[in-house]
Amino acid sequence: MLSTPWSRDFGLRVPIVNAPMGGVAGGRLATAVTAAGGLGMVGMGSTATRSSLAAELREVRGRYGIGLVDWVMRRQSGLLDDALAARPALLSISFGTDLSWVSAARDAGIPTATQVYDAEDARRAADAGVDVLVARGAEGGGHGEVRLATLPLLDVVLDVVSLPVLAGGGVASPRSLAAVLAAGASGAWVGTRLSACPEALTGAPGRQALIAAAATDTRVTRVFDVAAGLPWPERFPSRVLADEFVAHWSGREEALAGDRDACVGHPAPVDAGQGVGMIRDDATVGEVIEAMCSGAEQLLSRWAT
């Protein structure tokens, strides 16, 4: 079975952690990932509340982690306390610079993770006591800083820290999983590929759009956040499937913010990284993880000989 020293020490059968995607990674997805041997993460996104976290945690079976958005956590009083009280196997909080939450998790005996985008981010997180870093490359779906692609980012992060590093962004196939593990990642942070699985919270139209999309069908934009009035920092745009709304309003965000009709009637975004072209069906989480891990294991074994 495919494994790394970190995944074995963390009690996982396979080195896979699902990205805690808001609106996608609910309790059912987390349960399925854990059942497949990885670590399932419940994701609380832009509109997270204490009640929505409680609702998704009621759906979880087995070991799980929780992922929060930093600025949402700070606006929703009690959300961090509830996450800590749930005693997750891993607490991931990203999209902020104040890492004071790490000490609260450490005091509770809960391992921590955060996304990083360059060597400076990695050093800062390591100095703050974060246990696991997520090197999230620019090709990843959803929100994130667009700085370095996954492999160059993984290279610079591994060069400056001795912590376990998970690679996220474009990891959606046996080849990409084998590549990041061969490069030294302790595991993969998989998002887009699992978004099309039936266990995800993704709606039927979004799931079909992901299956039909090509790798070149994504675009990095802020238009959906502007239209929804979500206060995402400008440094964290979102990679989504491109559509007419994105094409019309990208570069015209100020005009969009002042157009009430456009904001009210905008379509729902479908977050997707450049690994979306690897999605060809709505296979279950177990089937996806088995195919990725068995294929990667065969590749790595072949290269070793």
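Tutor: Begin with the largest cavity: β5 (112-116) and α7 (119-128) each supply at least two residues of its lining. Helices (H or I, at least four residues) and strands (E, at least two) are DSSP runs, numbered from the N terminus. The model is predicted: local features need pLDDT of at least 70, side-chain atom pairs count only at pLDDT 80 or more, and totals for chains, interfaces and linings use all residues. Residues are numbered from 1 along each chain as its sequence is written, and side-chain values use heavy atoms, with hydrogens and water left out.

Student: What makes a space a cavity and not a pocket?

Tutor: On a 1 Å grid over the protein atoms alone, a cavity is a set of points where a 1.4 Å probe fits but cannot get out. A pocket is an open set with protein on both sides within 12 Å along at least five of seven lines. Lining residues have an atom within 4 Å of a point. The search of the whole structure finds 1 cavity of 30 Å³ or more. Of the 14 residues that line the largest cavity, the closest to its centre are Gly96, Thr114, Gln115, Asp121 and Arg124.

Student: How much space lies in the largest cavity?

Tutor: About 140 Å³. Grid points are joined across faces, edges and corners, and a volume is the space filled by probe spheres set on the points.

Student: Why is strand β2 called largely enclosed?

Tutor: Buried means under 20% relative accessible area, exposed over 50%, partly exposed in between (1.4 Å probe, protein chains only). In β2 (residues 40-44), 5 of the 5 residues are buried, so the rest of the structure largely encloses the strand. Gly40, Val42 and Met44 are buried on one side, Met41 and Gly43 on the other.

Student: How do you know that β2 and β3 pair?

Tutor: Two strands pair if DSSP finds at least two bridges between them. β2 and β3 (residues 64-69) have 5 bridges, in the parallel sense. Valine 42 stands opposite isoleucine 66 in β3.

Student: Why do β7 and β10 count as edges?

Tutor: The open sheet has 3 strands in the order β7-β11-β10, with antiparallel pairing. β7 (142-143) and β10 (218-221) each have a single partner strand, so one side of each lacks a neighbour in the sheet. For β10, 4 bridges join it to β11 (residues 238-241). Threonine 218 stands opposite leucine 241 in β11.
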